[in-house]
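Let's take a walk through this one together. Have the sequence and the 3D view open side by side as we go.

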Amino acid sequence: MSTIIRNSITFTGRVSEFRFWPERDGKKALLKVSIYDRETWTDNQQARHEGPWENVEVSFRGRRAEKINAMFDKGDFAAKSCVMGTGYIAAMPRLWVGKDGTAGGVIQVDGQTLALDILREEDIRQGAERNAGNAQGGPDQGEPDQGQEPAGWGPDAPEPATAAKTSQPDRTDPSWAAGWSR
């Protein structure tokens, strides 16, 4: 889930994939991290609802990229780790319509910070334990595990360039990102 305030963005979610390019030929090191999330809620009748998957592509450059990559190498971060971070919107979101007619998009961010979301990891772990108890006939004590990876996201997902692109929103209109903020 992400929140946008005057081009500054905070985001939370799970790491889908990460790629690192070291400093070379005078170009700064670059680390790209894909993060996805889905909002879930329970209504008054205890029915569980899920929002659409959101994807944020965060780019870190220079020493910051090297330091965060070192954390991935040490195992502090890994695929499917719950993270939170901040940054600035780098470009217009990449939007597309898939072959099945569903719309998709990626928010592109110049990253400033990235940290583990330990509280969310604990919530997901506890949800998984409750689900295991429910599978064994135990009482329902909460929502199901929200840590499931979305189909179509991650390293095996098709590149957006293969899908039909939608028209770009008007950049002069500040409401263009209204659909991306929460």
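pLDDT is the predictor's confidence in each residue, on a scale from 0 to 100, and the elements are DSSP runs numbered from the N terminus: helices are H or I runs of at least four residues, strands are E runs of at least two. This is a predicted model, in which local features need pLDDT of at least 70 and side-chain atom pairs count only at pLDDT 80 or more, while totals for chains, interfaces and linings use all residues. Residues are numbered from 1 along each chain as its sequence is written, and side-chain values use heavy atoms, with hydrogens and water left out.

For the protein, mean pLDDT comes to 76, with 70% of residues reaching 70 or more. A contact here means heavy atoms within 4.5 Å. Where pLDDT is low, the predicted coordinates should not be read in detail.

**The helix**

So what about α1? Its 13 residues should span 18 Å at 1.5 Å a residue, and its end C-alpha atoms sit 19 Å apart, which agrees; the expected span is 1.5 Å times one less than the number of residues. Gly62, Ala65, Ile68, Asn69 and Phe72 are the buried residues of α1, where buried means under 20% relative accessible area, exposed over 50%, and partly exposed in between (1.4 Å probe, protein chains only). An α-helix has 3.6 residues a turn, so residues three or four places apart point the same way. Turn to the other side of α1 and you find Arg63, Lys67 and Lys74 exposed. The cover over the buried residues of α1 includes β2, β3, β4 and β7. After α1 comes Gly75, with a positive phi near 95 degrees.

**Strands and core**

Now for the strands, which count as paired if DSSP finds at least two bridges between them. Strand β5 (residues 82–89) pairs antiparallel with β2 (residues 8–21) over 7 bridges, and 7 bridges also join β5 to β7 (residues 103–116), again antiparallel. Follow Val83 in β5: it is the bridge partner of Gly13, and it stands opposite Leu116 in β7.

Which residues touch the most other members of the largest nonpolar core? Among its 18 residues, they are Phe60 and Leu114. β2, β3 (30–42), β4 (48–61), α1 (62–74) and β7 each supply at least two residues of this core. A nonpolar core is a set of buried Ala, Val, Leu, Ile, Met, Phe, Trp, Tyr and Cys residues joined through side-chain atoms within 4.5 Å. Beyond four places in sequence, Leu114 touches residues including Phe11, Phe60, Ile68 and Val83.

Leu31, in β3, is buried, with a relative accessible area of 0%. Its contacts beyond four places in sequence include Phe20, Ser59, Ala65 and Phe72. The C-alpha atoms of Leu31 and Phe20 are separated by 4.4 Å, though the two are 11 residues apart along the chain. Ser59, in β4, counts as buried because its relative accessibility is 8%.
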